[in-house]
Amino acid sequence: LKDMLTDPGRNAKVRDLKSVADDLGCSLSQLALAWCAKNPHVSTVITGASSAEQVRENMGAIDVLAKLDAETMQRIKSIIR
């Protein structure tokens with residue numbers, strides 16, 4: 001786990017994905033949930049939350065889903081390769 005947290009390549013990808021989230025006006029977690037829900041092979045996205053605030057945060061992904069157009073999805077795809 002430690003190697004995953006300190007891997008420069010992975011951290012660069014997270015920074016790039018944060019830039020996408022910022023451009024969409026959402027949090028990184030909302031982007032991640034919306035990206036999962038956008039996948040046509042996914043029928044359900046299960047979120048984890050330990051507080052009401054986290055539930056509200058997670059549900060914000062619904063608004064982000066509509067913002068994931070083909071261009072944004074390609075941008076994400078190019079980052080996570």
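So, Asp22: it's partly exposed, with a relative accessible area of 44%. Keep in mind that we're looking at a predicted model here. The partner to look for is Lys18, which forms a salt bridge with Asp22, and the closest N and O atoms are 2.5 Å apart. Lys18 is partly exposed too, at 37% relative accessible area. Why can these two reach each other? Well, they sit four residues apart in helix α2, so about one helical turn separates them. And, as a general point, side chains of opposite charge can pair when their charged atoms come close.

How many salt bridges does the structure hold? Three. Let's go through the other pairs.

If you're wondering about the surface, Asp23 is exposed, at 53% relative accessible area, while Arg75 is partly exposed at 33%.

Then there's Arg56 with Glu53, whose side chains meet in a salt bridge at 3.4 Å, N to O. Here we're back within a single helix: the two are three residues apart in α4, so again it's about one helical turn between them. Arg56 counts as exposed, with 54% relative accessibility, and Glu53 as partly exposed, with 48%.

Met59 is partly exposed, with a relative accessible area of 42%. Together with Val55 and Ile62, Met59 makes a nonpolar surface patch of about 280 Å².

Okay, now let's go inside. The largest nonpolar core has 13 residues. Which ones have the most contacts inside that core? Those are Val20, Leu24, Cys26, Leu31, Leu68 and Ile76. As for where the core comes from, α2 (8–24), α3 (28–38), α5 (61–65) and α6 (70–80) each give two or more residues. Helix α2 has the largest share, with four residues.

Leaving out residues up to four places away in sequence, Ile76 touches Leu17, Val20, Leu31, Trp35 and Leu68.

Technical notes: Residues are numbered from 1 along each chain as its sequence is written. This is a predicted model: local features need pLDDT of at least 70, side-chain atom pairs count only at pLDDT 80 or more; totals for chains, interfaces and linings use all residues. Side-chain values use heavy atoms; hydrogens and water are left out. Patches are made of residues with over 30% relative accessible area and no salt bridge: like charges are joined within 9 Å, nonpolar side chains (Val, Leu, Ile, Met, Phe, Trp, Tyr) within 5 Å. Accessible areas come from the Shrake-Rupley method with a 1.4 Å probe; for residues, only the protein chains shown count as cover. A salt bridge is a side-chain nitrogen of Lys or Arg within 4 Å of a carboxyl oxygen of Asp or Glu. Buried means under 20% relative accessible area, exposed over 50%, partly exposed in between (1.4 Å probe, protein chains only). A nonpolar core is a set of buried Ala, Val, Leu, Ile, Met, Phe, Trp, Tyr and Cys residues joined through side-chain atoms within 4.5 Å. Contact means heavy atoms within 4.5 Å.
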